Amino acid sequence: MNPTETKPAVIIENLNKTYQLDNFKVTGLVDVSIQIAANAFTVLSGPSGSGKTTLLNMIGCIDRPDSGTLMIAGQDVSKLSDNALSDFRARHIGFVFQTFNLLPVLSAYENVEYPLIMAGVPAEQRRARVDKLLNAVGLLEKASHRPSQLSGGQRQRVAIARALALSPALVLADEPTANLDSQTGNMIIQLMRRIQRRYKVSFIFSSHDPKVIDAADGVFNIIDGRITGFERVKRTIAE
Amino acid sequence: MKQTLPLALRNLMRNHQRTLTTFTLALRNLMRNRQRSMTTLLAMVVGVGAILIFGGYSHDITNEMQTDFVQRSGHLQIQRSGYFLYGSGNSAAYGIPGYEKLIAALKSDPVLKQMVVVVTPTLQLGGIAGNFGAGVSRTVLVQGMVAADEAQLRKWNDYGLPLIPRPLPLNGSGPDAIVIGEGVARVLQLCAELKVSNCDAQHKAADAAADGAPPTDAPPDLAALSALEAPPARNNKDKGTQIEVLATNVHGAPNVGSFTVIKAEQLGVKELDDVHVAMHLPSAQRLVYGRDAPQVTAVLIQLQHTDQIAAARARIQELLSKDFKGADLAILDFDTLNPYYGQTNRMFSALFGFVFVLIGAIVVFVVSNTMSMTIYERTVEIGTLRAIGQRCSGIEALFITEGALLGIIGSALGVFIALVISGAINFSGLTWIPPSRIDPVPLTVRVWGEWPMIALSFCSLTVVAALSAWVPARGAAKQAIVDALRHV
């Protein structure tokens with residue numbers, strides 16, 4: 001079931017998660033055990049409420065499992081303290097949100113620069129890194145624009161640049177094309193695919209968008225919190 | 001060592017950059033919702049302004065009262081022990097013999113010379129003043145003074161208050177001259193002669209009718225006594241302003257002096273106005289001590305500044321215990337001599353504290369309400385920041401910085417507004433009549449120069465504003481990231 005040809009970016013074993021809603025429990029994940037390949041474009045797919053976002057949140061270390069182990073970049077993150085987990089996210093994980101979630105009071109440049117400042121990167125290196133990333137997403141000329149002055153697609157490109165700022169091992173994207181029109185969505189997928197190859201980063205998506213699934217190296221199917229299958233897509237470098 | 005120093009510097013620069021970013025974010029977020037920020041700032045401006053104006057007003061009242069007391073009775077008084085509590089009914093028993101030597105010692109002391117403005121003797125005694133021409137009399141409190149010294153006392157104005165000058169009429173007058181309070185003048189029916197306002201002719205008639213006898217001269221026995229005690233060079237130009245003052249002499253016998261009232265003075269406080277009689281010290285001493293060696297009930301000491309009291313007192317104590325061992329003398333400060341001063345100060349301190357707490361509470365509610373609304377609206381942003389690696393403490397710092405910025409800007413504007421308003425009040429020339437006074441005093445509000453009060457208000461309300469943001473910020477930072485990101 002699991003792709004194990006290369007060293008995995010994420011190793012999940014017997015992960016369980018339930019939510020308490022008022023007086024009844026809702027199952028989030030049941031005994032999930034998967035390995036996600038490094039430097040790959042992986043999609044967690046399934047219908048709404050299937051648990052794909054829950055699994056993505058666990059991998060992103062923004063939610064904690066009830067039981068099971070989660071290894072990211074060779075480290076068991078299940079038992080890290082809140083501060084340690086924050087530092088871990090800053091160093092190893094980048095996020096691309098469905099609603100872009102840029103800081104509205106910062107310019108595109110500052111949004112990309114923000115994680116670098118938090119990590120204490122010196123000013124010169126920051127400048128070089130931000131310029132490089134904004135250039136990579138084609139928004140160098142919009143660097144001084146605030147998010148409100150950018151289109152949806154441009155905002156998502158800034159979000160991608162921000163996610164890559166600290167060269168994370170993983171970039172997680174929750175339904176990244178859901179708030180974009182089909183053409184812009186396609187462009188964003190192509191951009192992420194290009195960036196994933198260029199920067200050799202592991203991209204993990206939660207999506208049921210066929211275009212995203214088509215672009216993936218591997219797809220995990222989830223239904224009712226359980227992994228029901230894994231489908232690997234063979235591609236050539238030319239593709 | 002070579003490695004450690006650059007590392008420490010690098011860490012310092014990193015932290016500096018983070019702080020700058022937090023500050024920039026906080027400032028921009030405040031600008032993001034200008035209307036809400038302005039409303040919050042307005043509440044803070046009004047709060048800080050109200051605190052400072054009330055504080056400045058109460059400070060000015062304190063300064064005015066202190067100036068008034070120091071002008072009347074000096075900063076310190078040397079009295080016989082027990083006079084302050086028990087001597088008012090029998091001042092003769094508490095006289096200071098050989099006071100001239102004490103005054104000379106005080107004036108010549110090199111340490112006191114640096115601090116002292118005036119050293120002057122005074123004799124206070126109770127008596128009865130009678131206008132026998134009108135058939136009226138009343139009990140009075142006589143103060144015998146050295147007029148030139150007393151005039152100097154009245155010039156003390158260390159706080160630079162816009163005081164209405166009160167020249168001393170007794171200064172330069174004849175030896176039998178006296179000055180009475182306007183209340184005394186009314187009762188003695190000397191209003192017309194002394195040009196006293198608020199005198200009712202009906203009361204004059206009623207008083208005369210009640211007496212049932214036409215006005216006469218002084219009774220023959222009193223007139224004889226008065227003639228015995230009268231000074232040889234009497235300045236008796238106007239018979240209509242002659243009054244007699246009856247007192248008990250040092251041997252317990254009655255003594256009368258006939259005096260010329262040169263002016264009825266308004267002392268501001270009605271209780272004083274109704275009993276005040278001021279005369280030259282030798283006249284008062286003649287009433288009490290006759291041909292015996294004259295004494296005084298107190299030696300008044302006025303200093304350059306009020307904060308010299310402790311040092312001056314210590315030095316005087318040293319002199320008294322060295323050169324006046326058996327004299328049984330006590331040193332009292334103006335605060336002790338005028339309990340009303342301390343009581344009023346305490347009342348204003350309590351009121352200031354109450355206003356401060358009330359406004360502090362309003363600031364807490366306004367800022368925490370603003371921050372709660374802001375945090376609610378920015379829940380997703382908080383979730384995003386946490387997701388990209390911001391620690392809880394970073395989120396708290398961001399919102400506390402926003403609260404502190406509101407506090408700093410609001411307090412600074414509040415201080416500015418308070419200075420402008422207090423300046424306008426001070427230049428307006430308005431007057432008011434404080435409680436227990438009957439004459440108007442300038443209405444002033446001293447904010448400029450009251451730096452401790454300004455600093456206290458500024459810092460306290462800034463801290464209160466920051467802490468008001470801390471509680472909702474803490475809640476925001478602690479919420480689950482996934483819940484924050486899901487917030488709609």
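Reader: Which residue stands opposite B:Ile78 in E8(B)?

Author: In this predicted model, B:Ile78 stands opposite B:Val299 of E8(B). Helices (H or I, at least four residues) and strands (E, at least two) are DSSP runs that are numbered from the N terminus. Residues are numbered from 1 along each chain as its sequence is written, while chains are lettered from A and ligands numbered from 1 in the order in which they are written. Because the model is predicted, local features need pLDDT of at least 70 and side-chain atom pairs count only at pLDDT 80 or more, whereas totals for chains, interfaces and linings use all residues.

Reader: In what sense do E1(B) and E8(B) pair, and over how many bridges?

Author: They pair in the antiparallel sense over 4 bridges, where pairing requires that DSSP finds at least two bridges between the strands. E1(B) also pairs with strand E9 (residues 329-333) of chain B, in the antiparallel sense over 5 bridges, and in E9(B) the partner of B:Gln79 is B:Ala330.

Reader: So is strand E1 of chain B enclosed or open?

Author: E1(B), residues 76-80, is largely enclosed by the rest of the structure, because 5 of its 5 residues are buried. A residue counts as buried if 20 or more other C-beta atoms lie within 10 Å of its own, as exposed if 12 or fewer do, and as partly exposed in between, with C-beta atoms placed from the backbone.

Reader: Switching to H16(B): what do its buried residues pack against?

Author: They pack against H2 and E6 of chain A, together with helix H17 (392-428), helix H18 (451-478) and helix H19 (481-486) of chain B. H16(B), residues 379-387, is mostly covered, with 7 of its 9 residues buried, including B:Glu381, B:Ile382 and B:Leu385. Just after this helix, B:Gly389 takes a positive phi of about 115 degrees.

Reader: How many residues does the contact take from chain A and from chain B?

Author: It takes 19 residues from chain A and 20 residues from chain B, and two residues are in contact if their C-beta atoms, placed from the backbone, lie within 7 Å. On the side of chain A that touches chain B, helix H2 (82-92) and helix H3 (108-118) of chain A are the elements that give two or more residues, and H2(A) gives the most, with 6 residues.

Reader: What is the mean pLDDT of chain B?

Author: The mean is 86, and 88% of the residues of chain B reach 70 or more; pLDDT is the predictor's confidence in each residue, from 0 to 100. Over residues 232-240 of chain B the pLDDT is below 50, and this stretch has 10 contacts in the model beyond near neighbours in sequence. Where pLDDT is low, the predicted coordinates should not be read in detail.

Reader: What ipTM does the predictor give the complex?

Author: The predictor gives the complex an ipTM of 0.92, alongside a pTM of 0.77.
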